[in-house]
Amino acid sequence: MTTEVKVPVLGESVAEATIGQWLKQPGEAVAADEPIASLETDKVAIDVMAPHAGVMGQQIAKEGDTVTVGALIATIEAGSGAPAAAPAAAPAAATPAPAAAVAPAPSSAPAAEEASAGSSVLSPAVRRAILEHGIDPASIKGTGKDGRITKDDVLEAAKNKPAASAPAASVPAAAAAPAARGEERVKMTRLRQTIAKRLKSAQDNAALLTTFNDVDMSAVIEAREKYKDVFQKKHGIKLGFMSFFAKASVLALKDIPAVNAQIDGDQIVYHDYVDISIAVSAPNGLVVPVVKDCDKLGFAGIEKAIAEFGKKAKEGTLTMADMAGGTFTISNGGVFGGLMSTPIINPPQSAVLGLHRIEDRAVVRNGEIVIRPMMYIALSYDHRLIDGREAVTALKTIKEAIEDPTRLLIDL
């Protein structure tokens, strides 16, 4: 019996995807609900699951092909099939390498990597990291849920991977291959192409402007230090900076509705809710999952949502529902050490808040020079909708709420 495998529904307004990787090869055994292919959409990577157990049959679409929802991409045949190829045994260390081994090794992935790519317990992002770094998944200790291997686990294993052995001393120096100045051409992923188009579209279509301010983080740092233990004990999550900035943004967006609005043709759409997109660095590029109803959530709810999105981003398991909507964006370049930036809005939104690193700086307080933990913050906005006065006021509201968190409690 032959079963057709078709492209599943990808999400609202998403009609096509790219075959990123075949996780099973023809003739290999397939378990029910096991990932057999990875699809790359405009926003996330999605696994195609086997509808039932059997043998991987014909692969009608090739890696890199663009496919539409409902399109036939493969077949699954009845039978038990063959197991995935086992990792190739490494040659004995005592065996001397031939002189030809000094030349650059072939670029194809080792058998161990091919085997790991078909593992049903690894996310697409983890599989790609394993292939890129040439790590045997059997040697990696997973730290994720139920011992699952995460991308961070792969990177840690790659960092600790022993360096390749030097050529045997008996090989003449003249026989060694010269250092090469190579180039590699890699097709942009669908996600990266979409990011490029959206950001360029924002520059072309919006009247972008950025206003800056700086924030004294002393009060927030003191509050975190004072309540972090009891907060984590009660809510099971750490108290971070992002929840403070999310709640401060809610105050600003309520006071200045235009910053929470968007342009639709010749109309302005005002939202009576606040859905904040949180920019997260994922293996394939920047993604912006949405924390919905931030105006109704408490600090713990926001922190839990952000932590879950961060985990999903690392594992490559973000869904289309996670990315849908958003009325305002917060991007924290400070985690990478950024001192100042001009973030680009995430269309159709009209504003984005940029956070940066915290550093001790000399400032004047009550006529005296003192040292305070300071952060530059930036608000980029679409000047077609938001006036300069409104943008500056919104950013000032955020600054004041962070410097005096009591405002967050009494809605000032």
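1. **Ala17 and its neighbours.** In this predicted model, Ala17 touches Leu10, Leu39, Glu40, Thr41, Asp65, Thr66, Val67 and Arg190, leaving aside residues up to four places away in sequence. Ala17 sits in strand E2, which covers residues 16–22. Is Ala17 buried or exposed? Its relative accessibility is 0%, so Ala17 counts as buried; the cut-off for buried is under 20%. Look also at Asp65, one of the residues that Ala17 touches. Ala17 and Asp65 are 48 residues apart along the chain, and their C-alpha atoms are separated by 8.4 Å.

2. **Asp65 again, now with Lys62.** Lys62 has a relative accessible area of 56%, so Lys62 is exposed. Asp65 has 26%, so Asp65 is partly exposed. The cut-offs matter here: exposed means over 50%, and partly exposed lies between that and the 20% limit for buried.

3. **Salt bridges in general.** Side chains of opposite charge can pair when their charged atoms come close. How many salt bridges does the structure hold? There are 16. Three further examples follow.

4. **Arg365 and Asp216.** These two residues form a salt bridge, with the closest N and O atoms 3.4 Å apart. Arg365 has a relative accessible area of 30%, so Arg365 is partly exposed. Asp216 is at 10%, so Asp216 counts as buried.

5. The side chains of Arg407 and Glu400 meet in a salt bridge, at 3.9 Å from N to O. Arg407 is partly exposed, because its relative accessibility is 27%. Glu400 is partly exposed as well, at 24%. Elsewhere in the list of charged residues, Asp214, Lys399 and Glu403 are linked in a network of salt bridges.

6. **The nonpolar cores.** The largest nonpolar core has 78 residues. Which residues have the most contacts inside it? They are Ile73, Phe245, Ile330, Leu353, Ile377 and Ile402. Helix H6 gives the largest share of this core, nine residues. Take Phe245 as an example. Leaving aside residues up to four places away in sequence, Phe245 touches Met217, Ile330, Leu353, Leu355, Met375, Ile377, Ile398 and Ile402. Another core lies apart from the largest one. It has eight residues, among them Leu122, Val126, Ile135 and Val154.

7. **The largest pocket.** Rolling a probe the size of a water molecule over the atoms shows where empty space is left. The largest pocket has a volume of about 900 Å³. It is lined by 34 residues, and the closest to its centre are Val280, Ile306, Gly310, Lys314 and Val335. Which elements give two or more residues to the lining? They are helix H3 (151–159), helix H6 (241–255), strand E13 (280–282), helix H7 (299–315) and strand E16 (328–332). The largest share, eight residues, comes from H7. By type, the lining divides into 17 nonpolar, nine polar and eight charged residues.

8. **Backbone points to check.** The peptide bond from Pro347 to Pro348 is cis, with omega near 5 degrees. Pro348 lies in the loop between E16 and E17. Asp293 has phi near 55 degrees, a positive value in a residue other than glycine. Asp293 is in the loop between strand E15 (290–291) and H7. Its relative accessible area is 31%, so Asp293 is partly exposed. Asn366 also has a positive phi, near 55 degrees, and is a residue other than glycine. Asn366 lies in the loop between E17 and strand E18 (368–382). At 84% relative accessible area, Asn366 is exposed.

9. **The whole chain.** The secondary structure comes to ten helices and 18 strands. The chain has 412 residues, and 42% of them count as buried. Among contacts with a separation of 6 or more, 64% are between residues 24 or more positions apart.

How values were computed
Residues numbered from 1 in each chain as written. Predicted model: local features only at pLDDT ≥ 70, side-chain atom pairs only at ≥ 80, totals over all residues. Heavy atoms only, no water. 1 Å grid on protein atoms, 1.4 Å probe; cavity = no way out; pocket = protein on both sides within 12 Å on 5 of 7 lines; lining within 4 Å. Points joined across faces, edges and corners; volume = space filled by probe spheres on them. Helix = DSSP H or I, 4+ residues; strand = E, 2+ residues; numbered from the N terminus. Nonpolar A, V, L, I, M, F, W, Y, C, P; charged D, E, K, R; others polar. Buried < 20%, exposed > 50% of the residue type's maximum accessible area, 1.4 Å probe, protein only. Contact = heavy atoms within 4.5 Å. Salt bridge = Lys/Arg side-chain N within 4 Å of Asp/Glu carboxyl O. Core = buried A, V, L, I, M, F, W, Y, C linked by side-chain atoms within 4.5 Å.
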